[in-house]
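Open the structure in your viewer and keep the selection tool at hand.

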Amino acid sequence: MSVRAQAKISDGLLKRVDRPVVIAFACIVALLLVGSLYSRSFLSPEYLLQQLKVASFLGVIATGTMIVILLGQIDLSVPWVVAVGGMMSTAATGWGPAGEALAIPFGIACGVALGLVNGFGVAYLRIPSMIITLAVNAVAQGLMVVHTGGFSPQDSSSPAMRTLATGDLVFGLPNALIVWAVVGAGTIFLLNRTTFGRAVYGIGNRERAAYLSGIDTQRIVLIAFAIAGGLSAFGGVLLAGYASKAAQAMGDAYLLPAIASVVLGGASILGGRGSYFGTIAGVILITLLQSILSVVQMPEAGRQIIYGVVIIAMLLLYGRESRTR
Amino acid sequence: MNDWRYVFSQNRATLLAFVFFVVMFAIYSTNHPAGFSANVVQTAANKGVLLALVAMAQTFVVITAGIDLSVGAMFVLTNCLASWIVVGTAWTAALGVAGVLLTGLACGAVNGLIVIVGRLQPIVATIATGAVFFGLALVLRPTPGGDVYGPLADALTGRVFSVLPASLVALAAVVVIIWIPYRRSVIGRAAYAVGSSEQAAFMSGVPVDLAKFCAYVLSGLAASMAGLFLTFVTYSGEASAANGGTYTLYSIAAVVLGGVSLYGGSGSAIGAIFGALMFRTIGDLLFVFNLDPLWQPLFQGLVLLAAICVGAARLFQVRNRLELFE
């Protein structure tokens, strides 16, 4: 093989793998190395598997966030859609054997319903996504407050949910991680190998152009928001299984990390640009950062500051916009 | 005549917000068990002014087609700082107030520099700086507490001539001293131009970077005023994550209700202030109708949803489907 051909191959490889994704994965390795200076256990397989398991909850939620961000929109309804997913699935568990069997799909269906409201508002009523998802978040919160206060539903999760989130059935791999892998593989297929995925990227780049090329952009946006709602709620179902109960504020800690991990993975917040591998890297990065900061017993204040500074520093490395000219 | 029509169409959104607020507040105060009294107005005003100032902070940035998701964190940070330094004698308290406002300016300047020089998207950049500001607030006040210079707090949360709430007078003063001169200055006009089209503004020689920077700095200033006022109301400082989050989200809602376009380039802080007061009144309406407090969050959410759907009525005026995708 000539030198030229080799250069061509490596050039092709470089083009296929985004720079942000490479930097994000490099940062993960760097974080682990820094952590291992503090304690050897940061490099142990048990610790790494545990981190991947914790990361998979954020991973499932961030998947939905990413699809919406690729459209050039944003979903601020994540916190309470996660809570709806968790709380409605545990409530269904309390309705007898049939409810228990349907708990997981029911929780996800509630999320899809809220996602459809978001999508209808954005696609057909043309309301800015930032404000309609905010309103849906408020409505979901209101519904859950009435639901808990008025009907005092069951809040402990079903055995199936617990197994899904905490068990390990195959080769000692955590089930949650397998769930994330399945969701991730599905998303990669959806985004790269289907017309729906191509349309999502197209709309993110320029909705008008996508519409003029014959894409039913409104339907695509509606479906994308419904998927995002379903995935947020599924994250809630998993979280409820992990903690073996659902609580009202369970989703609050997931909105900003989900957005941050998508953006750290190199996706543009303006839409149309980004790969799922980046999101995987971002999710692992955020989870590791949070874990290391808590292992070294950093107080909450320091954790917040470092968290913010790291996000800004990383974005300054590769997330900059081009200059106006 | 035509002049008036122009002024009217320019300020239609603001007027609409004002009318909605007046109607809602009339319903609220006539159904209040204590009736329309100075006390009722004072309590409502103190609560409303907090959100109004945060909404004003949000407006400065939204007009330039940006967004500031750190207003809530700046609000909490300055609240915590004020509970340390706005104490002691009148002189030290005055110095403390200056320190708090300067801190707000500095926070806004950091946001501005990261967005302009760092060229990061405002939405992500301010999420991150918000985390930093909140961390600093936790350093200042790991547990709620602190104190504030009493006479000043009582003066600003009390009543002027025992009728008019002092907080409203202060808010009006802020509008007259900061917003109106800003709106009429070259920089203020530049901010609107940048919000309408940054490219066009840049090509017409508008000082784009300066306009954006001023918007973020003024946003920090307004947020710090809100933080200061919260200290006067509660007599203490608290690094509450819930407070930061809800005030950020409510500020966006208030801005939209007040007729400021999230796409930038239109709307005014006065509209946002009425939007904020209106949003607060919605929350209080349930209380006077004696409904179960359990239903309050749902009611508030549904009203918000309905209000923004009405705002989307533009949809029915569209003649060409392509206009939708602007």
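How many residues of α12(A) are buried? Select α12 (255–264) of chain A: 10 of its 10 residues are buried, and the helix is mostly covered. A residue is buried if 20 or more other C-beta atoms, placed from the backbone, lie within 10 Å of its own; 12 or fewer make it exposed, and anything in between partly exposed. Helices (H or I, at least four residues) and strands (E, at least two) are DSSP runs, numbered from the N terminus.

Before going on, note that this is a predicted model: local features need pLDDT of at least 70, side-chain atom pairs count only at pLDDT 80 or more, and totals for chains, interfaces and linings use all residues. Residues are numbered from 1 along each chain as its sequence is written, while chains are lettered from A and ligands numbered from 1 in the order in which they are written.

Stay on α12(A) and colour its buried residues, among them A:Leu255, A:Pro257, A:Ser261 and A:Leu264. Now show what they pack against: α2 (19–38), α3 (45–70), α4 (78–93), α13 (276–295) and α14 of chain A, together with α6 (122–140) of chain B. After the helix, click on A:Gly266, which has a positive phi near 95°.

Next, select α8 (residues 175–193) and α9 (residues 195–205) of chain A; their axes come within 5 Å and cross at roughly 70°. The axes are lines fitted to C-alpha atoms over the stretch in contact, with angles from 0 to 180 degrees between N-to-C directions. The two helices are therefore roughly perpendicular, a term for angles of 65 to 115 degrees (under 35 is roughly parallel, over 145 roughly antiparallel, the rest oblique). On the α8(A) side, show A:Leu190, A:Leu191, A:Asn192 and A:Arg193; on the α9(A) side, A:Phe196, A:Gly197 and A:Val200.

Switch to chain B, which has 14 helices and 2 strands. Its C-alpha atoms fill a box of roughly 60 × 50 × 40 Å along the principal axes. Of its 326 residues, 51% count as buried.

Finally, show both chains. Here 44 residues of chain A are in contact with 44 residues of chain B, where contact means C-beta atoms, placed from the backbone, within 7 Å. On chain A, α6 (129–151), α10 (207–212), α12 and α14 (300–318) each supply at least two residues of the side that touches chain B.

Methods: Two residues are in contact if their C-beta atoms, placed from the backbone, lie within 7 Å.
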